[in-house]
Amino acid sequence: MAITELPAKASRAPATGSAVAKSQQKGQQTKAAIVDAALGLATQIGLEGLSIGALAEVMRMSKSGVFAHFGSREELQISVIREYHVRFEEEVFFPALQQPRGLPRLAALFHNWMKRTSLEIDSGCLYISGAVEFDDRPGPVRDALAGSVRTWLAAMYRAVVQAKEAGHLRLDADEHQMAFEIHGLILALHYEARFLKTPGSMDRANTGFANILARYGSDAAAPSPTSASPKKASGKASPSKPV
């Protein structure tokens, strides 16, 4: 039989739109599950400890299956940083927006941060452990990590500025210094509570924050968020945008 007489191969029917959408949704769910598992590993062993092989073992997937969702170990690390930042915003930043501008919102940001820190005493903070791992290692992972931290610190600084604008802080209050000292309390808390296991570290951090407010606060300071009635935030705002 001539080549021209060979029976034609049956062509595969094109996937329907719903089948494609279902496949894409399944792929997104699998990727989200991998990132969640990777975040759990990273808080325990650090970003540098993440590997496609270790993650494949945890997910009971092949290395190629995990690799297909990210393309590189570096992209996996960046995805973990982004997910950590999203969760940080949801637990610390967005709830604080329910408080009025000024000291109530600033105090809410700090106390939400403290609450998250208390939960991370056993697991560790990716911002802090990542800073140790990548402080002198330029590249996309360090850029993603530093960008997330800068975004959060900018939100804290903006809350300090708004407190001053509301008349809750002295006119000569140094906003940069105040934000620096608040950040320093959290760093000290991690070191004391997680590394040294010093009893009473949470109480000392709270006392430190109260001392900061006493030094920078004006006589017209607003009530604390515990006594202020929360206002509902209209929609979600990004820490990188004014609120």
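This is a predicted model: local features need pLDDT of at least 70, side-chain atom pairs count only at pLDDT 80 or more; totals for chains, interfaces and linings use all residues.

Analyst: One definition comes before the rest. A helix here is a DSSP run of H or I with at least four residues, and helices are numbered from the N terminus.

User: How many helices and strands does the protein have?

Analyst: There are 9 helices and 0 strands. Read from the N terminus on, the elements run α-α-α-α-α-α-α-α-α.

User: Why is F180 called exposed?

Analyst: Exposed means over 50% relative accessible area. F180 has 60%, so F180 counts as exposed. Its C-alpha lies 9.5 Å from that of M156, and F180 and M156 are 24 residues apart in sequence.

User: What share of the whole protein counts as buried?

Analyst: Of the 243 residues, 38% count as buried. The accessible surface comes to about 14,000 Å². Carbon and sulfur atoms own 56% of that surface.

User: What makes R87 and E83 a salt bridge?

Analyst: The cut-off is a side-chain nitrogen of Lys or Arg within 4 Å of a carboxyl oxygen of Asp or Glu. R87 and E83 meet at 2.8 Å, N to O. That value is within 4 Å, so the pair is a salt bridge. R87 and E83 sit 4 residues apart in helix 4 (residues 73-96), which means they are separated by about one helical turn.

User: Are R87 and E83 buried, exposed or partly exposed, and how do you know?

Analyst: Partly exposed is the range between the buried limit of 20% and the exposed limit of 50%. R87 has a relative accessible area of 26%, so R87 is partly exposed. E83 also has 26%, so E83 is partly exposed.

User: Which residues are linked with E83 and R87 in a network of salt bridges?

Analyst: D36 is linked with E83 and R87 in that network. By the same rule, the count comes to 10 salt bridges.

User: How do you know that R116 and E91 form a salt bridge?

Analyst: The closest N and O atoms of R116 and E91 are 2.8 Å apart. The limit is 4 Å, so the pair qualifies. This pair links distant parts of the chain: R116 is in helix 5 (residues 103-119), E91 is in helix 4, and they are 25 residues apart.

User: Why is R116 called buried, and what is E91 called?

Analyst: Buried means under 20%. R116 has a relative accessible area of 8%, so R116 is buried. E91 has 40%, so E91 is partly exposed.

User: What makes D172 exposed, and what is R170 called?

Analyst: D172 is at 56% relative accessibility, which is over 50%, so D172 counts as exposed. R170 is at 33%, so R170 is partly exposed. Their side chains meet in a salt bridge at 2.8 Å, N to O.

User: Why are helix 8 and helix 9 called roughly antiparallel?

Analyst: Angles over 145 degrees count as roughly antiparallel. The axes of helix 8 and helix 9 cross at roughly 170° and come within 9 Å. The angle is over the limit, so the two helices are roughly antiparallel. The contact involves residues including L185 and L189 of helix 8 and F209 and I212 of helix 9.

User: Where does R204 lie, and why is R204 called exposed?

Analyst: R204 lies in helix 9. At 64% relative accessibility, R204 is over the 50% limit, so R204 counts as exposed. The C-alpha atoms of R204 and A188 are separated by 9.9 Å, and the two residues are 16 apart along the chain.

User: What stands out in the phi of K197 and of R60?

Analyst: Most residues other than glycine have a negative phi. K197 has a positive phi of about 55° although it is not a glycine. K197 lies in the loop between helix 8 and helix 9, and is exposed at 54%. Phi of R60 is near 55°, also a positive value in a residue other than glycine. R60 is in the loop between helix 2 and helix 3, and counts as exposed at 81%.

Note on methods. Residues are numbered from 1 along each chain as its sequence is written. Side-chain values use heavy atoms; hydrogens and water are left out. Buried means under 20% relative accessible area, exposed over 50%, partly exposed in between (1.4 Å probe, protein chains only). Axes are lines fitted to C-alpha atoms, for helices over the stretch in contact, and angles run from 0 to 180 degrees between N-to-C directions. Angles under 35 degrees count as roughly parallel, over 145 as roughly antiparallel, 65 to 115 as roughly perpendicular and the rest as oblique. Contact means heavy atoms within 4.5 Å. Accessible areas come from the Shrake-Rupley method with a 1.4 Å probe; for residues, only the protein chains shown count as cover.
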